[in-house]
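Entries follow in the order I checked them.

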Amino acid sequence: MAPKKWKWYRKQSVNGTDRKSRLGVLISGSGTNLQAIIDACEAGRINAEVVCVISNKASAFGLERAAKHGIPAIHLDHRNFAGRPEYDAELVKTLNSHSVELVILAGFMRIVTPTLLNAFNNRVMNIHPALLPAFPGIDAQKQALEYGVKVSGCSVHFVDAGTDTGPVILQSVVPVLENDTVETLSERIHVEEHKLYPEAVRLFCEGRLSVEGRRVRIS
Ligand code: GRF
């Protein structure tokens with residue numbers, strides 16, 4: 001059977017003016033990737049705007065980053081919901097209330113359910129600090145060091161129901177150095193993440209990504 005094909009056709013313009021894509025970013029922590037995406041939007045490198053930032057943790061510094069840029073910063077505590085699907089239903093409601101087109105997971109430490117994925121089919125992205133399919137899940141940098149690989153890196157992928165198993169959009173390779181610790185390797189990977197994630201978002205917003213089975217085609 002031929003692989004299933006999917007492409008997002010974005011409405012390019014409204015009344016003849018080029019329209020910005022609407023991004024919703026989900027975080028749990030520092031939000032340096034969020035910052036890189038906000039900066040790329042503000043600099044005009046991505047024709048998009050971050051229209052809301054949602055965190056499941058009140059203490060996430062990313063919420064402050066959002067507020068500083070005048071972006072609605074929303075704390076949605078998962079502990080107030082009966083389960084994952086109920087939490088995700090609230091996420092969908094909030095994202096839809098801001099007319100979000102692309103959902104960006106940027107250090108969002110929660111497993112998302114089909115409730116979110118079905119509402120945003122092939123429109124949820126994640127960044128992972130390893131070269132998938134190697135070292136999925138938590139502590140990817142530690143896993144890479146313990147395994148003894150000589151290169152690692154980061155991957156941006158569409159999110160599916162598995163953990164870090166969705167179709168890969170872009171990857172960047174980072175060498176593992178002789179004296180690397182989890183901290184030094186993470187730092188080097190982070191630098192690449194901040195270039196890679198905005199690039200993947202830009203390609204999406206330009207309507208240049210299509211998914212064919214497991215393969216993401218870039219036109
Ligand atoms: C990044 O390392 C990313 O790969 C992982 O979570 C971390 C988020 O970092 N998914 P930050 O909050 O964007 O600084």
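The model I am reading is predicted.

Entry, backbone. Before searching, I noted that most residues other than glycine have a negative phi, and most peptide bonds are trans. I looked for exceptions.

I found a cis peptide bond between Leu132 and Pro133, with omega about 15°. I placed Pro133 in the loop that runs between strand E8 (124-128) and helix H5 (140-147).

That loop between E8 and H5 also holds Asp139. I read a positive phi near 55° for Asp139, which is not a glycine. Asp139 has 46% relative accessibility, so I list it as partly exposed.

I then turned to Ser99, a non-glycine residue with a positive phi of about 50°. Ser99 lies in the loop between helix H3 (84-97) and strand E7 (102-105). Its relative accessibility is 42%, so Ser99 is also partly exposed.

Entry, rings. I counted three aromatic pairs in the structure. One of them is Phe81 with Tyr87: the ring centres are 5.4 Å apart and the planes stand at 75°, so I record the pair as edge-to-face.

Are the two partners buried or exposed? Tyr87 is buried, at 0% relative accessible area. Phe81 comes out at 23% relative accessibility and is therefore partly exposed, since the cut-off for buried is under 20%.

The charged end of Arg110 sits over the Tyr87 ring, 5.0 Å from the ring centre.

Methods
Residues numbered from 1 in each chain as written. Predicted model: local features only at pLDDT ≥ 70, side-chain atom pairs only at ≥ 80, totals over all residues. Heavy atoms only, no water. Helix = DSSP H or I, 4+ residues; strand = E, 2+ residues; numbered from the N terminus. Buried < 20%, exposed > 50% of the residue type's maximum accessible area, 1.4 Å probe, protein only. Phe/Tyr/Trp six-rings, centres within 6.5 Å; stacked < 30°, edge-to-face > 60°. Lys NZ or Arg CZ within 6 Å of the ring centre and 35° of its normal.
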